[in-house]
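Please keep the sequence and the model in view while reading.

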Amino acid sequence: MDVPAPGRVTVAYFWSTSCVPCKKSMPKISKLYGAQKSAGLSVIGIALDESPTKVAQFAQAVGASFPMALNSASQLFARFRLSNKVPQTLVFDRSATLRMYINASSPDYEAKLETAINGLL
């Protein structure tokens with residue numbers, strides 16, 4: 001799985017199954033993904049956890065509709081020089097340039113994310 005996705009606006013959402021704010025922000029990201037997928041939006045959830053079963057169960061429980069990857073397999077936290085503190089969101093433009101970092105536990109997270117995505121699509 002490519003992060004960022006070539007030729008698409010990409011949201012990389014870093015999370016874990018023990019993250020309380022993740023339970024609130026994942027449905028919001030799923031809603032944006034559903035509304036903007038056909039316009040060129042890709043979303044990938046990168047889980048800090050190592051259990052694929054645990055990740056899949058959590059994603060299903062919160063209604064996440066976007067693809068998931070395990071950090072243990074791809075080491076994406078290290079690649080983007082992120083701490084293991086979650087949730088964190090990176091937004092890339094179609095040319096794979098990082099355009100925004102958003103702490104997903106901030107109160108205005110959804111508005112910031114939607115504004116960033118709409119500005120890049």
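**Strand pairing and the hairpin turn**

In this predicted model, strand β4 (residues 88–92) and strand β5 (residues 98–103) run antiparallel and are joined by five bridges.

*The β4–β5 hairpin*

- Within the pairing, Val91 stands opposite Met100 in β5, and the two strands form a hairpin that has five residues between them.
- Ala96 belongs to the loop between β4 and β5, and this residue has a positive phi of about 70 degrees although it is not a glycine.
- As background to that value, most residues other than glycine have a negative phi.
- Ala96 counts as partly exposed, because its relative accessibility is 40%, a value that falls between the limits of 20% for buried and 50% for exposed.

*The disulfide*

- A search of the whole structure finds one disulfide, which is formed by Cys19 and Cys22 with their sulfur atoms 2.3 Å apart.
- The torsion about the S-S bond of Cys19 and Cys22 is about 85 degrees, and the disulfide is therefore right-handed.
- Both partners are buried, since Cys19 has a relative accessible area of 5% and Cys22 has one of 0%.

*The loop residue Ser16*

- Ser16 lies in the loop between β1 and α1, where it is buried, with a relative accessible area of 5%.
- The side chain of Ser16 is joined to that of Ser18 by a polar contact of 3.2 Å.
- Leaving aside neighbours within four places in sequence, the residues in contact with Ser16 are Cys22, Leu48, Asp49, Phe58 and Val86, and Cys22 in this list is also one of the two disulfide partners.

*The largest nonpolar core*

- The largest nonpolar core has 39 residues, and those with the most contacts inside it are Ala12, Tyr13, Phe14, Trp15, Met26, Phe80 and Leu113.
- Two or more residues of this core come from each of β1 (9–15), α1 (20–36), β2, α2 (52–62), β3 (68–70), β4 and α5 (109–120), with the largest share, six residues, given by β1.
- Met26, when its neighbours within four places in sequence are left aside, is in contact with Tyr13, Trp15, Phe58, Val62, Ala64, Phe66 and Met68.

*Ile46 and its distance to Phe14*

- Ile46 is found in strand β2 (residues 41–47) and counts as buried, because its relative accessibility is 0%.
- The C-alpha atoms of Ile46 and Phe14 are separated by 4.7 Å, although the two residues are 32 residues apart along the chain.

*The chain as a whole*

- The chain contains five helices and five strands, and from the N terminus on its elements run β-α-β-α-β-α-α-β-β-α.
- A compact globule of 121 residues would have a radius of gyration near 14 Å, and the 13 Å of the chain agrees with this.
- Taken along the principal axes, the C-alpha atoms of the chain fill a box of roughly 35 × 25 × 25 Å.
- Of the 121 residues of the chain, 48% count as buried.
- Among contacts between residues at least 6 apart in sequence, 65% join residues at least 24 apart.

Methods. Residues are numbered from 1 along each chain as its sequence is written. This is a predicted model: local features need pLDDT of at least 70, side-chain atom pairs count only at pLDDT 80 or more; totals for chains, interfaces and linings use all residues. Side-chain values use heavy atoms; hydrogens and water are left out. A disulfide is a pair of cysteine sulfur atoms within 2.5 Å. Buried means under 20% relative accessible area, exposed over 50%, partly exposed in between (1.4 Å probe, protein chains only). Two strands pair if DSSP finds at least two bridges between them. Helices (H or I, at least four residues) and strands (E, at least two) are DSSP runs, numbered from the N terminus. A nonpolar core is a set of buried Ala, Val, Leu, Ile, Met, Phe, Trp, Tyr and Cys residues joined through side-chain atoms within 4.5 Å. Contact means heavy atoms within 4.5 Å. A polar contact is a pair of N or O atoms within 3.5 Å; within protein, one must be able to donate a hydrogen and the other to accept it, and residues adjacent in sequence count only if both atoms are side-chain atoms. The radius of gyration is taken over C-alpha atoms; the globule rule is 2.2 Å times the number of residues to the power 0.38.
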